[in-house]
Amino acid sequence: RDVNGTRGHEVSPDMLYSASLYWAITTITSVGYGDITPQNADEMRFCTFFLLIGSILWAYIIGNACGIASSLDVDNIRHHQTMDALNYFMHDQLVPHDE
């Protein structure tokens with residue numbers, strides 16, 4: 001087999017597309033290529049799918065952790081709520097807005 005896994009034959013568009021998508025997703029997610037890599041188009045699609053699922057799950061977890069961390073500062077939240085109430089009151093009472 002040559003580097004493309006084709007035994008000297010021309011690479012099919014399906015294999016080329018799968019390899020390109022696998023390379024792009026693996027690189028963007030910074031997962032890395034490791035010692036065991038997919039050898040055909042089906043394996044590449046399978047790995048790409050689970051890389052995407054893992055990335056979405058990771059982003060969801062990090063987003064929730066940041067949301068929890070940002071809500072821990074009670075004084076800051078109270079200040080923002082007071083400012084929001086003041087802005088609403090000023091808007092309701094037609095207080096002119098200085099620019």
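**Aromatic pairs and a nonpolar patch**

Phe50 has a relative accessibility of 44% and therefore counts as partly exposed. The model in which this value was computed is a predicted one. Phe49 is also partly exposed, its relative accessible area being 47%.

The structure contains three aromatic pairs. In one of them, the ring centres of Tyr22 and Tyr33 are 6.4 Å apart and the ring planes meet at 65°, so this pair is classed as edge-to-face; the class requires an angle over 60 degrees. Tyr22 is buried, because its relative accessibility is 11% and the limit for buried is under 20%. Tyr33, at a relative accessible area of 35%, is partly exposed.

Another pair is formed by Phe49 and Phe50. Their ring centres lie 5.1 Å apart with the planes at 80°, so the arrangement is edge-to-face.

Met83, Leu86, Phe89, Met90 and Val95 make up a nonpolar surface patch of about 410 Å². Of these residues, Met90 is located in helix H3, which spans residues 74-92. Met90 has a relative accessibility of 32% and so counts as partly exposed. That value also meets the patch criterion, because patch residues need over 30% relative accessible area.

Key
Residues numbered from 1 in each chain as written. Predicted model: local features only at pLDDT ≥ 70, side-chain atom pairs only at ≥ 80, totals over all residues. Heavy atoms only, no water. Phe/Tyr/Trp six-rings, centres within 6.5 Å; stacked < 30°, edge-to-face > 60°. Buried < 20%, exposed > 50% of the residue type's maximum accessible area, 1.4 Å probe, protein only. Patch = residues over 30% accessible without salt bridge, like charges linked within 9 Å, V, L, I, M, F, W, Y side chains within 5 Å. Areas by Shrake-Rupley, 256 points an atom, 1.4 Å probe, with all protein chains shown as cover. Salt bridge = Lys/Arg side-chain N within 4 Å of Asp/Glu carboxyl O. Helix = DSSP H or I, 4+ residues; strand = E, 2+ residues; numbered from the N terminus.
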